[in-house]
Amino acid sequence: MSNLSIFILNFINFITPKSKRISVFISFPDYDDSIRELLRQENNLLNVVLVSRKLDIDISNMIGIRFIKRKSIMGFYYLIRSKKIFFTHGVFKGFIPLSEERQVAINIWHGMPIKKIGVLDNKNPVKFHRTIATSIFFKEIIMKCFDVNEDKVVISNIPRNNVLLNVDGNIENVIGEDYIVWMPTYKKSNVGEIRVDTSIANYNKLAEELLKDYDFKRKLIIKPHPMDSIDFSAFLDMADVILISDEWLLNSGLTLYELLSKSSALVTDFSSVCIDYLITGKPIYYYSIDYSEYESSRGFCFDYSLLPGSYIVHESQFAKIMTDVEVICNYSHEDALKFNNLIAFNIKDVL
């Protein structure tokens, strides 16, 4: 988007009257768990979800909710008419919020930062009136990342984490009752901001280990980051491994956090999903084979070794959590509280 286009969009937004009956929601991926939870709690007359593509969603029971293409005339119309804007990654590049009295922009964001973002990553920070930190520890980090004062940061939880606390669904029918979810973050992106944070991680050693004659007690669900360019094809033909995507979830009638809510444990590396998962009180493991390279390239907001859970340093340890009869929580309640307040999100906290 050119500087002239950005100026025009901001100018039109500035001169356009706002409607208290309209709230707009923008997320990546489209219609994620945080947006769904916000819609459940935001009782406005018209809630408009701006999406990048047409979604196959039954909206017959969604009174007062509209799904509009983000890059369209109607999408921009609802954006500039809205009194409240909720977003997870930003509104549009160069968006300048108006005064809060006219149009409040609430940055729900998409996780507590472990890897450097915003100012700490030498980027221009997203602009907003209010955002979330899940603990006092993260409040200071969020302030630095977005270069804002403490009055803009609310101690709350991320809306999608409510899904981790209470879910009824057909997950057991789709996957089974005992499974672990592995969610590595992206190392080289091919969507959104194109960047290389480390050389592409090679998971072939893990694939070779998991192909050994183990007696797996549970399934392994692999959910790559939607921006990732890593090839996970080595895992495709494994009997106890399911490689999924956002499209797979949509076709299965599930959301990512519904899937996480019923899982037995989480494996990740530098993804903020581990902070969210603390609210479940279930085991967390860190498989970070490129930690040293990542630390010297993109870097972290704090000492990575402080994260609650256990660190996998060899592929056989990964296999062990697949074969153990039982997986037991590997951090204390007090450790969890440092990073996550463990209290359900309430939209009143950010309004």
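How many of the 9 residues of α2 are buried? The count is 7, so α2 is largely enclosed by the rest of the structure. Buried here means under 20% relative accessible area, with exposed over 50% and partly exposed in between (1.4 Å probe, protein chains only).

Some ground rules before going on. This is a predicted model, where local features need pLDDT of at least 70 and side-chain atom pairs count only at pLDDT 80 or more, while totals for chains, interfaces and linings use all residues. Residues are numbered from 1 along each chain as its sequence is written, and side-chain values use heavy atoms, with hydrogens and water left out.

**The whole chain**

The protein chain has 13 helices and 13 strands; these are DSSP runs numbered from the N terminus (helices: H or I, at least four residues; strands: E, at least two). For 351 residues, a compact globule would have a radius of gyration near 20 Å, and the 21 Å of the protein chain agrees with that. That radius is taken over C-alpha atoms, and the globule rule is 2.2 Å times the number of residues to the power 0.38. The C-alpha trace spans about 65 × 45 × 40 Å along its principal axes.

Buried residues make up 54% of the 351. Take the contacts (heavy atoms within 4.5 Å) between residues at least 6 apart in sequence: 68% of them join residues at least 24 apart. On charge, there are 40 positive and 43 negative side chains, and the centres of the two sets lie 10 Å apart. Lys and Arg count as positive and Asp and Glu as negative, leaving out His and the chain ends; each charge is placed at NZ of Lys, CZ of Arg, CG of Asp or CD of Glu.

**Two helices with buried residues**

Back to α2 (33-41). Its buried residues are D33, S34, I35, E37, L38, L39 and Q41, and they pack against β1, β2 (46-51), β3 (65-69), β4 (82-87), α5 (161-165) and α9 (256-261).

Helix α12 (residues 315-323) buries E315, F318, A319, I321 and M322. These cover an arc of only 155° around the axis, which puts them on the same side of α12; the arc is that of the directions from the helix axis to the C-beta atoms. Their cover includes β8 (179-183), α7 (204-210), β9 (219-222), β11 (265-268), β12 (284-287) and β13 (310-312).

**A residue in β9**

I221 is found in strand β9 and is buried, with a relative accessible area of 0%. Leaving aside neighbours within four places in sequence, I221 is in contact with I175, Y179, I180, V181, W182, I242, I244 and L259. I180 is 41 residues from I221 along the chain, yet their C-alpha atoms are separated by 6.1 Å.

Most residues other than glycine have a negative phi, and most peptide bonds are trans. A cis peptide bond joins F28 and P29, with omega about -5°, and P29 is found in the loop between β1 (19-26) and α2. Two residues that are not glycine have a positive phi:

| Residue | Phi | Relative accessible area |
|---|---|---|
| W109 | about 60° | 11%, buried |
| N122 | about 60° | 73%, exposed |

W109 is found in the loop between β5 (104-107) and β6 (130-133), and N122 is also in the loop between β5 and β6.
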